[in-house]
There are 2 protein chains.
Amino acid sequence: MANSNNKTRRERLEEREGAILAAAHDEFVRHGFEGAKIAAIAKRAGVAEGTLYLYFRNKQALLAAVVGAFYARLTRGAADGVAGLTSTDGRLAFLARHHLKSCLDEWALLALAMPMLFTGKDYRGSEYFGFNRAYVAVFDSVVREGIARGDLRNDLPLHMLRDGFYGSLEHSVRTAMVRESSAAQPPEAESLADQAMSMIRPAFGLRRQAPEAAGESMADLAQRFERVASRLEQVAGRR
Amino acid sequence: MANSNNKTRRERLEEREGAILAAAHDEFVRHGFEGAKIAAIAKRAGVAEGTLYLYFRNKQALLAAVVGAFYARLTRGAADGVAGLTSTDGRLAFLARHHLKSCLDEWALLALAMPMLFTGKDYRGSEYFGFNRAYVAVFDSVVREGIARGDLRNDLPLHMLRDGFYGSLEHSVRTAMVRESSAAQPPEAESLADQAMSMIRPAFGLRRQAPEAAGESMADLAQRFERVASRLEQVAGRR
DNA sequence: AGTATAAATGAGTCAAGTTCAGTTATTGCA
DNA sequence: TGCAATAACTGAACTTGACTCATTTATACT
């Protein structure tokens, strides 16, 4: 018989890859990079040690794959959430909550990925670079549109806003995780996100309410007008 | 003769420790944690491998010592710089520049320290916790005084402001380091710090000029008054 | 000078990542 | 259906590198 099981070869391979990834995730999160044993991962996944190397070049590549899977989920969640929102404020607030929650969940994993994410030597071109690029593209497009609408300040490079946004959030998560070990209550993602947004709004020059929803003061209106005017001048000057 | 050299025993020991630390710093920065070989560090420092273990418990402890030395320099620089400044804005701007410059210099090392700094498991009580605590104490006292003066918003917990501050700066450094590999010009610490401060000021509710230096608008004055009043109420209510 | 103690050494141990020659399963084809 | 050909898998052997320890060398004290 050509197909002893009701699964195609490809399916069986992907199933195994998934099993290995899941086992590796567990082991890495539990014991850290050095502490995680290849032998333990193989055993947990139900394969021989050698088999593991048919799927992943080495231990580092295995970690990269685990992190990559996390980034894929993260990016999908961000893109999906933003798609259903229209206001700049609503979108940024969503991204903040989403990032915060996701990082709280997978903090142990992210901590392991940091040296790769932060070691500039061969970072560009590495798999991690691609992960990150896809993820922040969601944020970038939200901000670009926000600037075009006049909702956000346009006197800083985009990457600076991005660094302020994700930098604040990630440090908050770190603080929350360190406190969690000692504090009684687990960190509240919602309230952390609210606090972070209350710093990010003024940092980004973002008004809380959508302009059409709130009675604007003369000063707000003037500020917004200036931004749109300045942007129009930029666009006009460019061609 | 009791002292073949003109150095005391203690001095020779510290000299060796210094040599080992310097060699380890080099090796870690060059090759990363795993890539750094104990044998290479020992050779570079001019000692036998076994000797190294008389000074440091293991490879991790060696890295911790190297990072600790960096944090000590960082903290001293921060404290000294702040001591000569009076305005909240000037102090924060200095801390931003100082942090940015120091991180740009020692980025490779910091990247290695991240997993320790970020792995919450046994972080509290670890040497890293102490390093960090001493360092951020400088920032914290600046902010506390800034709040007391009414220069800064007081509706957020201190750690949130801290996370916004250092999170933004560190992400900026990361971005700068990643770009540096490709971009022609090296990242300008000064201009990065200025940009970051232009986000941090509104995020912290900080006016640019010292209040006595600039002609305040009625609204500014009212806002400042409210902050001081609110703080007084808190203090009064506490006893 | 002689002895006790501190410091240093580097060959040896051991754990763990990686490889590879041999084995088993799967597929395409006559 | 049976038979290559190829893909997938295995685990024992190899290799590397952190760490230990019996031994040697230097230093301090009397």
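Predicted model: local features only at pLDDT ≥ 70, side-chain atom pairs only at ≥ 80, totals over all residues.

Helices are DSSP runs of H or I with at least four residues, numbered from the N terminus. Under that numbering, helix 9 of chain B is followed directly by Gly205(B), which takes a positive phi of about 65°.

**Helix 9 of chain B**
- The 16 residues of this helix, residues 189-204, should span 22 Å at 1.5 Å a residue; the end C-alpha atoms are 21 Å apart, which agrees.
- Its buried residues include Ala189(B), Leu192(B), Met197(B), Ile200(B) and Phe204(B).
- Gln195(B) is also buried in this helix.
- The cover over these buried residues includes helix 8 (158-182) and helix 9 (189-204) of chain A, as well as helix 5 (88-105) and helix 8 (158-182) of chain B.

**Contact between chains A and B**
- Chain A contributes 33 residues to the contact and chain B contributes 35 residues.
- On the side of chain A that touches chain B, helix 6 (107-118), helix 8 and helix 9 of chain A each supply at least two residues.
- Helix 8 of chain A gives the largest share of that side, 17 residues.
- By class, that side of chain A has 14 nonpolar, 14 polar and 5 charged residues.

**Surface near DNA strand C**
- Among the 21 residues around DNA strand C, those that come nearest are Ile38(A), Gly50(A), Asn58(A), Ala48(B) and Gly50(B).
- At least two residues of this surface come from each of helix 2 (38-45) and helix 3 (49-55) of chain A, and helix 1 (9-35) and helix 3 (49-55) of chain B.
- Helix 3 of chain B supplies the largest share, 4 residues.
- The surface has 8 nonpolar, 6 polar and 7 charged residues.

Notes: Residues numbered from 1 in each chain as written. Chains lettered and ligands numbered in written order. Near = placed C-beta within 6 Å. Nonpolar A, V, L, I, M, F, W, Y, C, P; charged D, E, K, R; others polar. Expected span 1.5 Å × (residues − 1). Buried ≥ 20, exposed ≤ 12 C-beta atoms within 10 Å, placed from the backbone. Contact = placed C-beta atoms within 7 Å.
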